[in-house]
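Take a look at the chain below.

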Amino acid sequence: MKIICIGRNYKDHAKELNNPVPKQPLIFMKPSSALLINKKPLYYPEFTKDLHHEIEVVLKICKNGRHVQPEFAKEYYKEVALGIDFTARDIQKQCKEKGHPWEIAKAFDGSASLSEFVPLDLVEDNGLQFELKKNGETVQIGNTQDLIFDFNYLITYVSKFFKLQMGDLIYTGTPAGVGPVQIGDVLEGNFSKMSDQTPLLYCEIK
Ligand code: ZN
């Protein structure tokens, strides 16, 4: 299983970090050891002083494929989840300044929190609207209608380079509002269509 992540896929987020809006998807990976199962706490890593949350819609690949053509892309995912792409922003900044890969800032143990999956049709309503709350206060709101590269484009693009395999995950990028977390913070994510239910995503920082 591989975890494929897309960076800067919402204009507002690219702007808030003073990054240019990309012309093609920006791709990076996390190893399977980065996965943080829902409701398991994240222990604040000792190597950072600026750990950030990035809420993202996550696609689960349900079919193997390479060089997927756009008209077939939607057959490759049927379920979605919410995840947090935890980022050591201070380390990422150092990596970027040196032109180094940023895995140590983004692919460390526990850096990919993941909720349970739900059928796509259950949460779709003019795109997927979702939000992240930190200690009960909304910090990020997103709608996949604002994606620079939509799900189908990502499937087509990613599969040019990497064979998609059943069970692979694609973190599709974060909307604006990323920010720091501290020990003791509780993070809860939900799709707006499920806002009357217990939050799908739950993660405590310890
Ligand atoms: Zn991200």
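**A helix and its neighbours**

The buried residues of helix α5 pack against β1 (3-7), β2 (26-30), β5, β6, α4 (120-123) and β12. Helix α5 covers residues 151-161, and its buried members are F151, L154, I155, T156, Y157, V158 and S159. Buried means under 20% relative accessible area; exposed means over 50%, and partly exposed lies in between (1.4 Å probe, protein chains only). Helices (H or I, at least four residues) and strands (E, at least two) are DSSP runs, numbered from the N terminus.

This is a predicted model: local features need pLDDT of at least 70, side-chain atom pairs count only at pLDDT 80 or more, and totals for chains, interfaces and linings use all residues. Residues are numbered from 1 along each chain as its sequence is written, and side-chain values use heavy atoms, with hydrogens and water left out.

Now turn to β5. This strand spans residues 55-61, and six of its seven residues are buried. Which strands pair with β5? Strand β6 (residues 77-85) runs antiparallel to β5, with seven bridges between them. Here E56 stands opposite G83. Strand β12 (residues 169-171) is also antiparallel to β5, joined by three bridges. Here K60 has L169 as its bridge partner. Two strands count as paired if DSSP finds at least two bridges between them.

E56 lies in β5 and D85 in β6, so the pair ties together parts that are 29 residues apart in sequence. E56 counts as buried, at 0% relative accessibility. D85 is buried too, at 1%.

The largest nonpolar core has 58 residues. Those with the most contacts inside it are V80, F86, I155, L164 and F191. Such a core is a set of buried Ala, Val, Leu, Ile, Met, Phe, Trp, Tyr and Cys residues joined through side-chain atoms within 4.5 Å. Leaving aside neighbours within four places in sequence, L164 has contacts including I4, I61, I155 and I170. Contact means heavy atoms within 4.5 Å.

Finally, step back. The chain holds five helices and 15 strands. Of its 206 residues, 51% count as buried.
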